[in-house]
Amino acid sequence: MAPYWLIFCIPVAAVISPFRFEKRIRNYLWFLFFLLLTCFVGLRDEVGGDWYGYIRHFNKITPGFNPLEFSFLTDDYGYDLISWITYKFTGDVSTSNGGI
């Protein structure tokens, strides 16, 4: 839980801090924070209650997926396409979740 509090405290500290930066530097720091946040969320591995759902979906969709068949009535085509490409290149569900 400590990493989540640390990620939360970074922007809070920036907002209540008496130090003020130029607009250009402030924008750069916010960009770095959002990059850190993106990596923090995207690179998680086997975390959360939905992890086994991703594995089941990855194992179900990847062998029989045809990228030329498109249907709004089935699963999410974009996620299925990313999972299929990941399966073809790496064969690992972690890569598709980290890339989204």
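A residue is called buried when its relative accessible area is under 20%, exposed when this area is over 50%, and partly exposed in between, as computed with a 1.4 Å probe and protein chains only. The structure is a predicted model, in which local features need pLDDT of at least 70 and side-chain atom pairs count only at pLDDT 80 or more, whereas totals for chains, interfaces and linings use all residues. Residues are numbered from 1 along each chain as its sequence is written, and side-chain values use heavy atoms, with hydrogens and water left out.

The chain contains five helices and zero strands, where helices (H or I, at least four residues) and strands (E, at least two) are DSSP runs numbered from the N terminus. Read along the sequence, the elements follow the pattern α-α-α-α-α. Of the 100 residues in the chain, 18% are buried. Among contacts (heavy atoms within 4.5 Å) between residues at least 6 apart in sequence, 41% join residues at least 24 apart. The chain exposes about 7,900 Å², of which carbon and sulfur atoms supply 68%, the areas coming from the Shrake-Rupley method with a 1.4 Å probe and, for residues, with only the protein chains shown counting as cover.

Helix α1 comprises residues 2-16 and includes Pro 3, which is partly exposed at a relative accessible area of 42%. Although Pro 3 and Phe 40 are 37 residues apart in sequence, their C-alpha atoms are 9.2 Å apart in space. Phe 8 also lies in helix α1 and is partly exposed, with a relative accessible area of 48%. Phe 8 contributes to a nonpolar surface patch of about 860 Å², which is made by Met 1, Tyr 4, Trp 5, Phe 8, Val 12, Val 15, Ile 16 and Val 47. Such patches are made of residues with over 30% relative accessible area and no salt bridge, nonpolar side chains (Val, Leu, Ile, Met, Phe, Trp, Tyr) being joined within 5 Å and like charges within 9 Å; a salt bridge is a side-chain nitrogen of Lys or Arg within 4 Å of a carboxyl oxygen of Asp or Glu.

In helix α4, the buried residues are Tyr 79, Asp 80, Ser 83 and Thr 86. Seen down the axis of α4, its buried residues fall within an arc of 130° and therefore line one face of the helix, the arc being that of the directions from the helix axis to the C-beta atoms. An α-helix has 3.6 residues a turn, so residues three or four places apart point the same way. Lys 88 and Phe 89 are exposed on the other side of α4. The 13 residues of helix α4 (residues 77-89) should span 18 Å at 1.5 Å a residue, and the end C-alpha atoms, 18 Å apart, agree with this value, the expected span being 1.5 Å times one less than the number of residues. Helix α4 is followed by Gly 91, whose phi is positive, near 75°.
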